[in-house]
Every structure is written in C-alpha cells, then in structure tokens.
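Me: I have a structure I have never looked at before, and I would like to go through it slowly with you. Could you walk me through it?

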Amino acid sequence: MSIVPKETIEVIAQSIGINNLSPDVALALAPDVEYRMREIMQEAVKCMRHSKRTTLTAEDVDGALNLRNVEPIYGFASGGPLRFKRAIGHRDLFYIDDKDVDLKDVIEAPLPKAPLDAAVLCHWLAIEGVQPAIPENASVEVITAPSNVKDYEQKDDGLPVDIKLPVKHILSRELQLYFDKITELTMSRSDSVLFKQALVSLATDSGLHPLVPYFTYFIADEVSRGLSDYSLLFALMRVVRSLLQNPHIHIEPYLHQLMPSVVTCLVAKRLGNRFADDHWELRDFTANLVASICKRFGHVYNNLQTRLTKTLLNAFLDPKRSLTQQYGAIQGLAALGPNVVRILILPNLEPYMRLLEPEMLLEKQKNEMKRNEAWRVYGALLHAAGQCIYDLLKMFPPLTSLPAHAVWKSNARVTTTVPRSTSFNFGLNI
C-alpha cells in the first residue's frame with residue numbers, strides 16, 4: 001500500500017489538464033511516485049552526509065536530481081516563516097495560510113531581481129581591440145533595452161489588439177563575439193593554429209553552456225548543407241569532440257540533435273570530393289567519436305547504443321548501400337568494442353565476403369576506384385576481426401617460456417636434450 005493516495009495523483013493529473021484519469025491508473029501510479037520520491041530523498045541524504053552536515057537542505061535535493069540526470073528545480077524560496085492556522089472544528093489539524101493570488105497579476109508583474117551569491121567574476125576588457133558592450137565596461141545608457149516591448153495590431157473591425165512579443169534568449173556581447181569567431185574559424189580557417197586554440201577553449205572553458213544550443217543548430221545546419229565540403233565536415237566533428245570533452249557543459253539534452261549529424265559523417269554515401277579528399281580519415285575519426293559518446297552517455301540513455309548499432313548494422317548488411325557506407329558502418333561497429341564485433345560482424349562475415357570478393361578482383365571489377373573501396377572495406381574487416389580475436393586471447397594466461405636446453409659431455413661429444421613439444425588447443429567460439 002502506497003503512502004501516496006490515489007486522490008493525490010488525480011489532483012495532480014487535473015492540474016496538468018488530464019480530467020478523465022481512471023482510478024485504476026491513479027492507483028497504479030501511486031507506488032511508482034512513492035518509489036521515485038524515496039529514491040530522490042535517499043540520494044539527497046547521501047549528499048548531505050558527504051557535505052558533513054546533519055540538516056537536509058534544498059541544495060541536497062538539487063544535487064540528487066542532478067545525479068539522476070533530472071533538470072534541477074529553478075526558483076527562489078521565500079525566506080519568511082510559514083503561517084499555520086487551526087482548522088475550524090478540528091483540534092489537532094493545522095494548515096498553511098496561503099494567500100490567494102490572481103494568476104493574471106502574477107504573469108503581468110515584473111520579475112524580481114534574482115539574489116546573487118558572493119563570487120569572483122571575470123570579464124573581457126577588450127577582444128582584439130574592441131571593447132565588448134557589457135555592464136562592466138559600458139555605460140548604463142548603452143546597454144539599456146527599450147522599455148516598450150509591446151506591439152499593436154489592428155483587427156478587421158478596427159479595434160487595436162495588444163500583442164506581447166516573445167521573450168528572447170539574451171546572450172552577453174562577449175558570448176556573441178565568441179560564437180561568431182568560432183563559427184568563422186570553423187567555416188573558413190579550420191587548418192590554422194588559431195582554430196586549434198579555439199578547440200582547446202571549447203573543451204576547457206567554463207561559462208559556455210548558453211552557447212550549446214547555438215552550436216548544436218550550427219553543426220546540424222552546416223552538416224546538412226555541406227556534405228561536399230570535406231574540410232568543413234572534419235572541422236565540425238572536431239568541434240563536436242571538443243564540446244563533448246568540456247566538463248562544464250551539460251550536453252545530454254542536446255544529444256538527440258547532435259547524433260544525426262555525427263552518424264551522417266560516418267555512413268553518408270559521399271563526404272567531400274570522392275577523388276581528392278580523404279573521407280576515410282573522416283569516417284575513422286567519426287567512428288571513434290560515436291564510440292566515446294556511447295561510452296560516456298550510454299548509462300544515461302539506455303537505448304542510445306542499441307539504436308546506433310541497429311542503424312550501423314542495417315548499413316553494413318544492406319547490399320544496396322555503397323562500399324563507403326559499409327566501410328563507415330564497419331568502423332563504427334568495431335569502435336564500439338570487440339563484443340559488438342563478435343556478435344554482429346563475425347556471424348555475417350562469410351556471406352558478406354562472398355559479395356565483397358568479386359569487387360576486389362581485377363578480372364571482375366574493372367573500375368579501379370571501386371576496387372580500392374572494396375580493399376578498404378576488406379582491411380576494415382580484417383582489423384575488426386583481429387581486434388576481436390586479440391581480445392579473446394587476452395583472457396587466457398600467458399604462455400610460460402620453454403626451459404633452457406640441458407647440455408652435457410659424453411665420450412667427447414656434446415649431447416643436447418630437447419623437451420617434448422607441447423600443443424595448445426584454444427576453443428574459441430567465434
């Protein structure tokens with residue numbers, strides 16, 4: 001029996017617009033709600049104990065939500081004491097005296113100024129000789145936004161309609177300049193030393209989290225439009241790797257937007273110029289990037305690696321796909337580990353080789369470029385199978401060195417005894 005009554009579930013459902021929730025569903029949801037609440041509070045108690053405190057605070061609950069990959073609760077609690085009143089007709093029943101507030105007044109009221117914690121802040125005095133327009137550098141008149149945020153429109157009958165403009169995502173001037181500089185280097189100067197320094201900045205600097213949605217949209221948009229630009233695609237994948245390496249960025253909510261772009265650079269039919277650009281290197285780089293994403297975020301999104309392996313396996317086994325796509329799929333599966341190779345690639349190796357071998361022979365395939373692609377795929381298969389067998393061999397104990405030959409003299413002749421050869425039989429289920 002749950003301590004959360006089903007009536008509470010029904011009230012919460014009504015508060016979010018679900019008015020026809022059946023009592024059986026509410027009764028089934030109540031134990032799960034109680035379990036989740038207990039789980040969060042147990043994690044909060046752990047955070048409290050690790051902080052060497054005996055009083056549970058809201059920060060401990062936020063830490064527990066962060067550990068469970070749940071977005072923390074935003075807002076500021078009231079600092080005033082709670083006012084309890086005795087219920088009429090009940091001697092031992094009290095309730096909190098909440099003041100009724102009109103929702104319209106709350107929505108239209110200006111937001112209060114958020115309290116700031118004591119901290120040490122840093123800002124840019126100048127960026128390449130240009131002073132950014134931020135409160136620390138500029139005057140108040142320069143940075144003040146226009147007070148009139150409303151617009152008016154005329155109906156058909158001539159009556160004015162008050163239209164509130166949407167709230168914009170406000171970025172500081174220095175973040176805007178930073179984003180513009182990174183995108184400019186990615187688009188046009190990806191082979192410069194400054195771009196390498198920019199990648200280091202993306203991987204280490206704190207305070208870049210407000211730019212993550214902008215970088216995500218930029219990467220997805222440029223990958224979809226620039227499949228013929230090899231250097232741009234490689235630069236974009238390096239930017240993705242730097243963003244993933246930054247420990248100060250909470251990038252999990254944006255993985256669903258990044259993964260299609262990354263997988264495209266792995267199994268796309270054509271990346272850059274097919275003759276001049278080394279798209280094989282880009283596919284190898286992207287395969288390692290995909291493996292690092294699964295390794296880091298696989299415990300957060302349980303179906304991430306499952307969906308990825310399904311996509312790569314379909315590209316590997318589809319005979320209608322080009323050899324470049326199959327190469328990317330093989331490299332992606334091999335980067336996920338020897339277990340994936342043993343389960344998904346090795347059982348399909350024999351029928352796949354029957355289709356690949358004619359493409360490798362000069363007598364049957366006259367196109368030199370396709371023969372080269374077939375040999376690339378063959379090399380990827382050899383490397384994947386070799387890594388899998390090497391991983392299996394590591395489970396066996398190392399072979400002991402053979403004893404030295406015994407030598408002695410007999411009748412002025414040297415006689416050498418050679419130990420019997422020992423045969424080892426490895427039973428590998430491949």
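Me: What should I know before we start?

Reply: This is a predicted model, in which local features need pLDDT of at least 70 and side-chain atom pairs count only at pLDDT 80 or more, while totals for chains, interfaces and linings use all residues. Residues are numbered from 1 along each chain as its sequence is written, and side-chain values use heavy atoms, with hydrogens and water left out.

Me: Okay, how many residues does the largest nonpolar core have?

Reply: The largest nonpolar core has 78 residues, and those with the most contacts inside it are Leu202, Ile219, Met237, Leu356 and Leu381. Such a core is a set of buried Ala, Val, Leu, Ile, Met, Phe, Trp, Tyr and Cys residues joined through side-chain atoms within 4.5 Å, where buried means under 20% relative accessible area, exposed over 50% and partly exposed in between, with a 1.4 Å probe and protein chains only.

Me: And which helix gives the largest share of this core?

Reply: That is helix 9, residues 230-245, with 11 residues; helices (H or I, at least four residues) and strands (E, at least two) are DSSP runs numbered from the N terminus.

Me: What does Leu202 touch?

Reply: Not counting residues up to four places away in sequence, Leu202 touches Tyr178, Ile182, Leu208, Phe215, Val239, Ser242, Leu243 and Asn246, a contact being heavy atoms within 4.5 Å.

Me: Switching to rings, how many aromatic pairs are there?

Reply: The structure holds eight aromatic pairs. Rings of Phe, Tyr and Trp (its six-membered ring) pair if their centres lie within 6.5 Å, and planes under 30 degrees apart count as stacked, over 60 as edge-to-face and the rest as tilted. One of the pairs is Tyr230 with Phe234, which is edge-to-face at 5.9 Å centre to centre and 80 degrees between the planes.

Me: Where do Tyr230 and Phe234 sit in helix 9?

Reply: They are four residues apart in that helix, so about one helical turn separates Tyr230 from Phe234. Tyr230 counts as buried at 16% relative accessibility, and Phe234 is buried too, with a relative accessible area of 13%.

Me: Why is the Trp375 and Tyr378 pair put in its class?

Reply: That pair is edge-to-face because the ring centres of Trp375 and Tyr378 are 5.6 Å apart and their planes stand at 85 degrees. Both residues lie in helix 16 (residues 368-393), three residues apart, or about one turn of the helix. Here Trp375 counts as partly exposed at 46% relative accessibility, as does Tyr378 at 26%.

Me: Which residues form the aromatic cluster?

Reply: Phe179, Tyr214, Phe215 and Phe218 form one aromatic cluster, and Phe215 is also among the residues that Leu202 touches.

Me: Now salt bridges, how many are counted?

Reply: The count comes to 13 salt bridges, taking a salt bridge as a side-chain nitrogen of Lys or Arg within 4 Å of a carboxyl oxygen of Asp or Glu. One of them joins Arg68 to Glu43, with the closest N and O atoms 2.9 Å apart.

Me: What parts does the Arg68 and Glu43 pair tie together?

Reply: Arg68 lies in the loop between helix 3 and strand 1 and Glu43 in helix 2, so the pair ties together parts that are 25 residues apart in sequence. Glu43 is buried, with a relative accessible area of 14%, whereas Arg68 is partly exposed at 37%.

Me: Last one, is Ser190 buried or exposed?

Reply: Ser190 is buried, with a relative accessible area of 17%, and it lies in the loop between helix 6 (173-188) and helix 7 (193-204). Leaving out residues up to four places away in sequence, Ser190 touches Leu185, Phe195, Ser231, Ala235 and Arg238.
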